[in-house]
Amino acid sequence: MSLRIGVIGTGKIGQDHIRRITYSLQGAEIVAVTDVNSELAERVVKEENLNAQVYNSGHEVIKADHVEAIIVTSWGPTHEEFVLASISAEKYVFCEKPLATTAEGCKKIVEAEEEYGKPLTQVGFMRRFDRSYRQLKKVVDDGKIGETLMVHCAHRAPEAPGFSGDMALTDSLVHEMDVLRWLLDDDYVSAQVLLPKRTRFAAEGLQDPHVVLLETKKGIRISVESFVNCQYGYDIQCQVVGETGTANLPEPASVAIRSDAKLSNDILVDWKERFIDSYDVELQEWIYSTIKGEVSGPTAWDGYVVAVTADACVEAKNSRNIEPILIPKRPDFYSKSHVLYY
Ligand code: NAP
């Protein structure tokens, strides 16, 4: 059986997902596409040799009878509208982050699913599908380092073109906010944001780096360094400190070179390269679970919690205080949909 997918937004990541579904993954085909730039949508259909119809709007794609599931890869501010319309049409939807640009918008999606009676939405937090994060989670879950006490993370990128305002927290650090809840099977209770000496490589008016301190319900303390103009590479670090040991996120594979009296390894510079395999796993698992009629990855609830956490971080940055992260009780039906693959 082949899942018939409609894609809303044929920009960078939309094209990547179209290519992986068409040429690398199994069990699905792209049958409809749209983009505000219809010439772009038509060009993608032609260049990728798709047997897909080009529609004038996302709503037409969602309504089309032959479309069984939706992928939303348009500009962030349009996500809420297309996800809500997919739920109204009773279709499974994979939405790239953000689920919505406000916590209130995410909550509306959660409420729409509660009213429908079943989760339909998966959010594109792909780190949960990354092999190295899954290896780290298995070590933590198996109790190999005892109870977790602390986590130290770093999210470094060489430069941040196009970043403005608080995007380092609301656009890139959201991946840590999601993956760390999943890794620890915990929720956050407070956030504090420290502002270190500013790098001269940050665009005018932007703070970089940040240190975000999160506390969880279980009392675990997390520190995350966000440094998006670090110059040297794309470097994601995560170390879990337990009662009897520590566990580090494995480094991406790289050839160790011994030459000229030096031992060296390359460091990646492109985020896409770092997580390329996890996007494949993410979409493949989404296809399989959609065919089965369930959501097995990050749900609308997870998208909502991340939005609340990001808001608290922005508030903490501005107030310089420790701010509470107030997350309501998770509706029962979200816990059931949360399948864990290692
Ligand atoms: P992009 O290249 O700008 O692509 C977005 C596309 O959507 C553009 O072609 C845009 O057209 C189109 N669009 C805007 N409004 C639309 C509408 N109402 N209906 C249909 N199409 C519309 O951006 P991108 O880098 O692919 O990112 C897309 C989304 O994916 C963003 O929310 C981003 O945060 C997310 N993303 C997630 C990850 C991840 O790691 N999970 C990575 C990359 C991106 P115009 O350009 O003409 O406006």
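**The ligand site and its surroundings**

Reply: In the side chain of Tyr279, an N or O atom lies 2.6 Å from an oxygen atom of the ligand. The model is a predicted one, and the distances that follow should be read accordingly. The side chain of Glu96 also takes part, with one of its N or O atoms 2.8 Å from a nitrogen atom of the ligand. At Lys12 the backbone is involved instead: one of its N or O atoms is 2.9 Å from an oxygen atom of the ligand.

The ligand sits in the largest pocket. Two elements give two or more residues to the shell around the ligand, namely α1 (12-24) and α4. The shell comprises 23 residues, of which Lys12, Ile13, Asp35, Glu96 and Tyr279 come nearest.

Helix α4 spans residues 79-88, and seven of its ten residues are buried, so the rest of the structure largely encloses it. The buried residues in α4 are His79, Glu80, Phe82, Val83, Ala85, Ser86 and Ile87. An α-helix has 3.6 residues a turn, so residues three or four places apart point the same way. The cover over the buried residues of α4 includes the strands β1 (3-8), β4 (69-72), β5 (92-95) and β6 (121-123), together with the helices α3 (58-63) and α5 (103-116).

Beyond α4 the chain reaches Glu90, in the loop between α4 and β5. Phi of Glu90 is positive, near 60°, although the residue is not glycine. Glu90 counts as exposed because its relative accessibility is 52%, over the 50% cut-off. The loop between β5 and α5 holds Pro98, and the peptide bond from Lys97 to Pro98 is cis, with omega near 0°.

Asn49 is exposed, at a relative accessible area of 65%. A cis peptide bond, with omega near 0°, also links Asp208 to Pro209, and Pro209 belongs to the loop between β8 and β9 (210-216).

Strand β8 (residues 188-194) contains Ser190. Ser190 is buried because its relative accessible area is 10%, under the 20% limit. With neighbours within four places in sequence left aside, Ser190 is in contact with Leu213, Leu214 and Glu215, and also with Ile322, Glu323, Pro324 and Ile325.

Glu243 counts as exposed, with 53% relative accessibility, and belongs to the loop between β11 (235-242) and β12 (246-248). Apart from neighbours within four places in sequence, Glu243 is in contact with Ile145, Gly146, Glu147 and Leu149. Between the C-alpha atoms of Glu243 and Met150 the distance is 9.4 Å, while 93 residues separate the pair in sequence.

Definitions and conventions
Residues are numbered from 1 along each chain as its sequence is written. This is a predicted model: local features need pLDDT of at least 70, side-chain atom pairs count only at pLDDT 80 or more; totals for chains, interfaces and linings use all residues. Side-chain values use heavy atoms; hydrogens and water are left out. Buried means under 20% relative accessible area, exposed over 50%, partly exposed in between (1.4 Å probe, protein chains only). Helices (H or I, at least four residues) and strands (E, at least two) are DSSP runs, numbered from the N terminus. Contact means heavy atoms within 4.5 Å. A residue is near a molecule or strand if one of its heavy atoms lies within 4 Å of it. A polar contact is a pair of N or O atoms within 3.5 Å; within protein, one must be able to donate a hydrogen and the other to accept it, and residues adjacent in sequence count only if both atoms are side-chain atoms. On a 1 Å grid over the protein atoms alone, a cavity is a set of points where a 1.4 Å probe fits but cannot get out, and a pocket is an open set with protein on both sides within 12 Å along at least five of seven lines; lining residues have an atom within 4 Å of a point. A molecule sits in a cavity or pocket if more than half of its atoms lie within 2 Å of its grid points.
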